[in-house]
Amino acid sequence: MRIYSKIKKLIKPIAAIGLLYVFTITLSCKNQSDMNLGEADDNISALIEKNDIQRIEPLNWWIGFKNSALQLLVHHPNISEWTPEISYQGVSIENVNKADSPNYLFIDLNISENTKAGKFNITFKKEGVTDLVHTYELKSREKSSDAYIGFDSSDAIYLITPDRFANGNPENDVIETLRENTIDRNDDYARHGGDIQGIINHLDYIEDLGFTAIWPCPLLTNDMSQGSYHGYAITDYYQIDPRFGTLEAYLEMSSKLSQKGMKLIMDQVANHCGLEHWWMKDLPFKDWINHQEYYEKNIDNWTGGDNITTNHRRTTNQDIYASKLDKQNMNVGWFVSAMPDLNQRNPFMATYTIQNSIWWIETANLGGIRQDTYPYPDKDFMSRWAGEIMKEYPNFSIVGEEWSYNPLLVGYWQDGANNKDGYKSNLKSPMDFPMQNAIVEAFNEDEEWDKGLVKIYQGLANDFHYATPKDIMLFPDNHDMSRIFTQLHGNITHTKMTLSYILTLPRIPQVYYGTEILMHDFDKPGDHGLIRSDFPGGWHGDVTNAFTGKGLKDEQKDMQAYLKKVLNYRKTSKAIHEGKTVHFAPENGVYVLFRIFEDETVVHIINKNEDTVTLNLDRFEEIGLKGKSMRNIITGHQFFWEGNITLDEKGSTILTTTLK
């Protein structure tokens, strides 16, 4: 009996092991079957998710792209000694690339068109050591490539410096783990606490003004010891700065904009990163950044130096006489000593940057990208970068910053330009610094034959050089220059004339937050910290609240109302969005421009005369307005177009033939 009991005790665990073995084999077969079929739901239920690897970027990817290639950056101690394996239907490893640093691998994947969405493990193997496992996800795309619609001349864009707009969540003001972890609203160069939630809270205000898109300055992590508020020294290209909020908050902002029929434009930086970027402590290749050898020699006592900073000679991109030295100093020089210049000639850096842009388009349902310092990176790379994006998203929009007052240089960067060197930029929208400069000169100068309004008349005449003038972005000011009210020496009438002119031109207009309430930098013109002052009412306890009108001066309320009327008319004006443009040379301090589309004609009259002046309408007979009913979109006054118009005061008059 005792022997039988012992045998019975032995049989039970053996039977259990056998049963477990049968179950394991069955489950394994089921898993393999599911894996072969690519059925995502079963994969997820059977998958034990692991994350043994320090970092893999992109963080995830999608099925259904035109380009089936994906390159993963893997960062982990001595990961180059390991061999990656993937077993997932439709996903194959094409190549494994080692870097100069042993702590990187770059894995080239191919994702076939039949691949199903789901999660799978990337297993890293090394003889005699337990496998490292990272669970990766391929997501289904929420919409097709063609459905990503960018901004165009029907849009009006509101530019925001997020740290200075509104503090919607005081709990994220200070993040102790980051280098700059204090708030000081009395210091123009410190963090003030504005965030994504602050923007979300005031989307109704922005929409009500008449804007159709917002462009926040970069919201990615800037873990720098100082000056981190502006966002242009990025230290993690896949992370929203926690002082601005979370990825979920960013996606909420995008979603709420979409619900309003508005667009989110992401400010991106391909030229440089922040000195505290995580990879600066362990650069993957010897040529990951420009002037890398010099940097690594001086890393322990880094102060930069004139010998590594750019010469800012942007003309070298086009200049047929430019020396090799000047070209090199322009493109490989650092923008400033705290912002390492990225080397896009390194193919892995190039792919990383392109994939990062696509990742954000898909993740956040972007309505456009604004690319910082456009002429500074390698221009062949920039052509490829924009080309890859536009190939994937043919209806998308990218605007590039080219801070030049020469229209020849600006036009060079626009897609469709007939460049003598054959350069094709693939960039839809450069920025119109030449016209912005001409507008300021036109209103600050007294009227003479070659001064005053003739500057904008001739400036607009330069449109013959541009491939598509209406796709160029024009602005009265931005986050890097004195506010327009300052540039125009505090002249409210000139500020209104500037805004109305910009908003009726064949352009994509961008207006900087606070322009609607005459924000200025009179105390220190051009000072970046002051240019990016707090928007009144964005912080609890603010005495003045521009969102509600509380405490605003009469002239500020009037400017708000003026801009609102012009923007909201513009929102539905086909003549402004896509109409024919005709303008007449300025005479006697009066300049007249027409925008014409079918039965809608918009007339913009700029009058710089302090005294009453009579405008003879016979001069404009070719437009065909004689006898037609016209309405002033600001005052609502209606009259018939014939004979003369009396202009009683200096300023802009905007007329329309439509009844709306």
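User: Which residues of β21 point the other way from Glu 600, Val 602, His 604 and Ile 606?
Analyst: This is a predicted model. In β21, Glu 600, Val 602, His 604 and Ile 606 point one way, and all are buried. Strand β21 spans residues 600-607, and eight of the eight are buried, so the rest of the structure largely encloses it. The residues pointing the other way, also buried, are Thr 601, Val 603, Ile 605 and Asn 607.

User: How many bridges pair β21 with strand β26?
Analyst: Strand β26 covers residues 651-656.

User: Which residue of the turn between β20 and β21 has a positive phi?
Analyst: β20 and β21 pair in the antiparallel sense over eight bridges. Across this pairing, Tyr 591 stands opposite Ile 606 in β21. The two strands form a hairpin with two residues between them, and the one with a positive phi, about 50°, is Glu 598.

User: Is Ser 500 buried or exposed?
Analyst: Ser 500 is found in helix α14, residues 492-504. Leaving aside neighbours within four places in sequence, Ser 500 is in contact with Tyr 562, His 604, Ser 652 and Ile 654. The relative accessible area of Ser 500 is 0%, so this serine is buried.

User: What kind of aromatic pair do Phe 584 and Phe 594 form?
Analyst: The two residues sit ten apart, with Phe 584 in strand β19 (residues 580-587) and Phe 594 in strand β20 (residues 590-597). Both are buried. Their rings lie 5.7 Å centre to centre with 75° between the planes, and the pair is edge-to-face.

User: Why is the pair of Tyr 158 and Phe 165 given its class?
Analyst: The structure holds 54 aromatic pairs. Tyr 158 is buried, and Phe 165 is too. Planes over 60 degrees apart count as edge-to-face. Here the ring centres are 6.1 Å apart and the planes stand at 75°, so the pair is edge-to-face.

User: Which ring lies under the charged end of Arg 164?
Analyst: A charge counts as over a ring when, among other criteria, CZ of Arg is within 6 Å of the ring centre. Another arginine, Arg 483, lies over the face of Tyr 513, at 4.8 Å from the ring centre. The charged end of Arg 164 sits 4.0 Å from the centre of its ring, and that ring belongs to Tyr 229.

User: Which residue stands opposite Val 91 in β6?
Analyst: Strand β6 covers residues 104-111 and runs antiparallel to β5. Seven bridges join the two strands. The residue in β6 opposite Val 91 is Ile 111.

How values were computed
Residues are numbered from 1 along each chain as its sequence is written. This is a predicted model: local features need pLDDT of at least 70, side-chain atom pairs count only at pLDDT 80 or more; totals for chains, interfaces and linings use all residues. Side-chain values use heavy atoms; hydrogens and water are left out. Rings of Phe, Tyr and Trp (its six-membered ring) pair if their centres lie within 6.5 Å; planes under 30 degrees apart count as stacked, over 60 as edge-to-face and the rest as tilted. Buried means under 20% relative accessible area, exposed over 50%, partly exposed in between (1.4 Å probe, protein chains only). Helices (H or I, at least four residues) and strands (E, at least two) are DSSP runs, numbered from the N terminus. A charge sits over a ring if NZ of Lys or CZ of Arg is within 6 Å of the ring centre and within 35 degrees of the ring normal. Two strands pair if DSSP finds at least two bridges between them. Contact means heavy atoms within 4.5 Å.
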